[in-house]
Amino acid sequence: LHVRLELVPTLQNIVSTVHLGCRLDLKTIALYARNAEYNPNRSSAVIMRIREPKTTALIFASGKLVCTGAKSEELSKIAARKYARIVQKLGFPAKFLRFQVHNIVASVDVKFPIRLESIASAHSHYSSYEPELFPGLIYRMVQPKVVLLIFVSGKIVLTRAKRREEIDTAFRRLYPVLHQFRKVSPIGAPATSTSATRGRGGR
């Protein structure tokens, strides 16, 4: 079963890290940098934001920088470089070392409701479904190593990927399973998402 061409997961968030290669005085950064805040009682990092690309960085005294919020791997790298330059301009000998993407989050809507309990039963080795605790089914794919959150409405969240290609591969491999376990009405027509979401999962 081929995935319809319009069904492409949309990247929602990239989490990346880079090492600046020097120790940092967080109070100095918070004092002189724009859009930066530092509350040592709540966090061991300076929180800094930039508008383009719209991202947030956690900057640690060790020189480690965590960048979140970018919508692509390239934008995450661009943002991390901007944060590094801001730190450089404050007088620190910051470098740009070992940039790495740690997590890519994406989402997609397959446009049909899904029988979550049936997937949990048929794919028990990969699935975890406890509707009393969480409304979605957690599907842990082995290859690629991606975690998919599947909701009865047909909405899917993909996470734990390190590259965009892993997101696309995981969705292509799971789509036939989703289609196999789609909810259908008694007369054989697909049920509407509205009626399907009234219950939890369904059989």
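## First stop: an exposed arginine

Start by selecting arginine 98, which counts as exposed because its relative accessibility is 58%. (Buried is under 20% relative accessible area, exposed is over 50%, and partly exposed is in between, using a 1.4 Å probe and protein chains only.) Arginine 98 belongs to strand E6. Its phi is near 55°, a positive value in a residue other than glycine. Most residues other than glycine have a negative phi, and most peptide bonds are trans.

Before moving on, a word about what you're looking at: this is a predicted model, where local features need pLDDT of at least 70, side-chain atom pairs count only at pLDDT 80 or more, and totals for chains, interfaces and linings use all residues. Residues are numbered from 1 along each chain as its sequence is written, and side-chain values use heavy atoms, with hydrogens and water left out.

## Zoom out: the whole chain

Now show everything as a cartoon. You'll find five helices and ten strands; these are DSSP runs numbered from the N terminus, with helices (H or I) of at least four residues and strands (E) of at least two. Of the 203 residues, 41% count as buried. The chain exposes about 11,700 Å², and carbon and sulfur atoms supply 51% of that (Shrake-Rupley areas with a 1.4 Å probe; for residues, only the protein chains shown count as cover).

Contact here means heavy atoms within 4.5 Å. Among contacts in the chain with a separation of 6 or more, 63% are between residues 24 or more positions apart.

## Follow the sheet

Colour the strands next. They form an open sheet of ten strands in the order E2-E3-E4-E5-E1-E6-E10-E9-E8-E7, with antiparallel pairing. The edge strands are E2 (36-37) and E7 (127-128), each pairing on one side only. Two strands pair if DSSP finds at least two bridges between them.

Two bridges hold E2 and E3 (residues 45-51) in an antiparallel pair, and glutamate 37 has isoleucine 47 in E3 as its bridge partner. Then select E1 and E6, an antiparallel pair with eight bridges; look for threonine 10 opposite serine 107 in E6. On to E6 and E10, antiparallel over five bridges, where aspartate 109 is partnered by lysine 155 in E10.

## Stop at strand E9

Which way do the side chains of E9 point? Val147 and Leu149 go one way, Leu148 and Ile150 go the other, and all are buried. On one side, E9 runs antiparallel to E8, joined by four bridges, and isoleucine 138 has leucine 149 as its partner in E9. E9 also pairs with E10 in the antiparallel sense, again over four bridges, with valine 147 opposite threonine 159 in E10.

Six residues make the hairpin link from E8 to E9. The hairpin of E9 and E10 has four residues between the strands, and there glycine 154 takes a positive phi near 105°.

Select helix H4 (residues 164-180). H4 lies across E1, E6, E8, E9 and E10, running at about 140° to E10. (Axes are lines fitted to C-alpha atoms, for helices over the stretch in contact, and angles run from 0 to 180 degrees between N-to-C directions.)

Buried or exposed: what is valine 18? Valine 18 counts as buried because its relative accessibility is 0%. Look for valine 18 in strand E1. Leaving aside neighbours within four places in sequence, its contacts include Gly63, Leu65, Phe96 and Phe99. Arginine 81 is 63 residues from valine 18 in sequence, yet their C-alpha atoms are 8.9 Å apart in space.

Stay with arginine 81, which lies over the face of phenylalanine 96, at 4.1 Å from the ring centre. (That calls for NZ of Lys or CZ of Arg within 6 Å of the ring centre and within 35 degrees of the ring normal.)

Where are the cis peptide bonds to look at? One joins glutamate 52 and proline 53, with omega about -5°; proline 53 is in the loop between E3 and E4 (54-60). Another runs from glutamine 143 to proline 144, with omega near 0°, and proline 144 sits in the loop between E8 and E9.

Finish at asparagine 35, in the loop between helix H1 (26-32) and E2. Asparagine 35 has a positive phi of about 50° although it is not a glycine, and it counts as exposed because its relative accessibility is 53%.
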